[in-house]
Structures are given as C-alpha cells and as structure tokens.
Amino acid sequence: MTGARLLGLGVYRPARLVTNDEIAQQVDTSDAWIRSRTGIATRRIADAEETTAAMGAAAAEKALAAAGLTADSIDLVIAATCTSPSQIPGVGPQIAYRVGAARAGAFDLNGGCAGFSYAVSTAADMVRGGGVRQVLVVATERLSDYTDWADRSTCILLADGAGATVVGASDTDEIGPAVWGHDGSRHEVIQVPGGDDNLFRMAGQSVFRWAISLVPTVRQICERAGVAPEQLAGIVPHQANLRIVEALATGIGATNAAVARDVVDSGNTSAASIPLGLASLLDAGRIRRGDPVLLFGFGAGLTYCGQVVRCP
Ligand code: UT7
C-alpha cells in the first residue's frame, strides 16, 4: 500500500478587511470587548464576486502551483464547505471546472468547521487505498451569507475565505490517523435553522465549554500519530476564538509548537480556518516543510476531527 502526504497549500483571503470598530457602528459592541473575548481584531468579508466557488478555485490554483502539479493530474476534488450558496448544486464540481480538473470526480463534504480535517482524512485513505493518486481538498466558506448582522454574539466572529491542499500518493506516509467523533444530540447549539430563519445561530457558551473539554481528544491525536505534544512544531486548531485555540494548545502541553493565531486577523472562517491558519504559520516561517503539525477541527454537528500531518 502507498502512503499519502500533503503536496502543497494555497489560500484565498477576500480583499475587504472589516475592523471591530466598523462592526461596533452596526451593533452594541466594542473593539475592546471583541478582542478580550475572542482575540479577533479584523476579519475578511467577501464581495459579490468572491463566491465559494471563486474563492475555492483561487486557493486551489495556488495549491496546485505550490505542489508543482497541473489540474489534469487531479483525480478528485473534495470541497469542504457548510456555506454553499444553495443546497443544489454542490460547490466541488464548480471548483473542478474552474481550475480545469477535467477528468476529476467532484463532491462536497459538510463537516462543519471540522470539514477540512475530515476531507484530508477521506482523501488520504482513498490515496492509500490506491483508487486515486492526487486529490484536491478545498475548504471554502462565505459565512457572511448566513450572518445576522444584528446579532452581536455571532456577527463579530464570522468571516469568509478559502484554503486548499493536494493530498497525493507518496513513498512516505505523512498524514497521521484521524481521531474523530460527534455529539449529535446537541446539534441545535450551532445551526442555520432554515425556513423563516436562514441565518447562523449559536449557543456560544455551550460551544465554548464543549470545545475546551476536547483537550483529551487532542492529546489522543498525538498518541495515535506516535508524536509527543512537545515534539509538535505547530498546532492549528479551528480558528473559532483565540481563547479556545490557546486553551487547547496549552492543555495538551504543546510547549515547543508555533500556535496558529490567524483568527486575530481573519475571524472564524469555519472549514477554511485550518488551511488559513497553517498558511499563516508557513508564511511567517514559523514552521517548515516536513515539520509535524497538529490540525484539529471542531464545530457544527457537533463534530470534530483532527490529525498530525507533515507540513507541505
Ligand atoms: O466555529 C464554531 C465553533 N464556535 C465556537 O467555538 C465559538 C464558541 N463561543 C465563543 O467564542 C464565545 O462564547 C462568544 C465569543 C460567542 C461569546 O463570548 P462569551 O464570553 O461566552 O460571552 P457570553 O455569551 O457569555 O455573553 C456575556 C455577555 C452577555 O451579556 P450579559 O447577559 O452578561 O449582560 C452578552 O449579551 O456579553 C454580552 N455580549 C456582548 N457584549 C458586547 C455578547 N456578545 C457581545 C458583544 N459585545 N459582541
């Protein structure tokens, strides 16, 4: 059986930067409150042209270039998204078309904010199984389409963006076992109810407490990968809230790891937040190709998924 690894990474950040002060002109909040409770200073909000498909394709093209591959070498496109503009059709085929992955299969995967980790794990196991050699994994989100701009508990958090990687066959196996799970009994704590209320709703405190309680699960990801937390070069939890990111990194004792804090600049971009966070560490030179990095997504479902990967 062949191994699997991440061959390249690409991201797309919408042009428009929205500050906390701008949000404080719409709802009763303040820059100080948002920074102290969430860590967020700015977030990116997409314009009409920056659709989930357009942002995803832009990130995918960069990932292909970073991997030194052309689109015709891609066997499959998996779009990890929970903010597709419509239920039908999916975004995956549109991204495949836009990048020119003419012979690829394409589908969407909705793992909420854990979608990127689920998609990487799915792609890696498909590659190891031998059915495909190169899979384009694209996480793309436009949470602004589902944001209630009058709800100060959520509009301060949500943002837009995309990140992509290529999972490819390799002599070395560089994508560790996934640890995943769910608490579907509490699916209502993060939801877009639908019908008359097609906007993002969240019981923030319940989600916060649940996220913090996942420290033992994150430790388990290291155990399954055979990497001690202090050996991690980087840790990229879902960028939901800086307090959660830091609690998870500190909680497992990742003492030597560069911790992704992209939420400060980019807000919460759901499934896109892990590749965006990984790119922020790479771009800053805080991690390098081949370094062991822990990825951990958690959110709507409730569901979570994570793995240790070697940095692309
Ligand atoms: O991506 C999916 C996963 N999502 C998450 O992991 C998010 C997890 N949750 C959170 O990040 C936090 O719970 C929030 C940032 C959403 C909220 O922070 P909190 O510290 O849990 O605040 P809270 O909900 O306990 O609210 C405390 C107070 C309330 O006022 P009262 O009832 O004490 O008078 C809220 O009304 O803060 C008030 N509040 C605000 N005040 C100023 C809520 N939002 C705001 C705001 N500005 N934007």
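Predicted model: local features only at pLDDT ≥ 70, side-chain atom pairs only at ≥ 80, totals over all residues.

Residues are numbered from 1 along each chain as its sequence is written, and side-chain values use heavy atoms, with hydrogens and water left out.

Next, select helix α10 itself, residues 273–283, where 8 of the 11 residues are buried (under 20% relative accessible area, with a 1.4 Å probe and protein chains only). Among these buried residues are S273, I274, P275 and L276.

From S273 and I274, move to H238, which touches both of them as well as C113, V245, N268, S270, F296, G297 and F298, leaving aside residues up to four places away in sequence (contact means heavy atoms within 4.5 Å). H238 lies in the loop between β11 (234–237) and α8, and it counts as buried because its relative accessibility is 1%. Display the side chains of H238 and N268, which are joined by a polar contact of 3.4 Å (a pair of N or O atoms within 3.5 Å; within protein, one must be able to donate a hydrogen and the other to accept it, and residues adjacent in sequence count only if both atoms are side-chain atoms).

Finally, select helices α6 (residues 204–212) and α8 (residues 242–252), whose axes are 9 Å apart and which pack at an angle of about 20°. The contact involves F208, A211 and I212 of α6, together with R243, I244, A247 and L248 of α8.

Conventions:
Axes fitted to C-alpha atoms, helices over the stretch in contact; angles between N-to-C directions. Helix = DSSP H or I, 4+ residues; strand = E, 2+ residues; numbered from the N terminus. Buried < 20%, exposed > 50% of the residue type's maximum accessible area, 1.4 Å probe, protein only.
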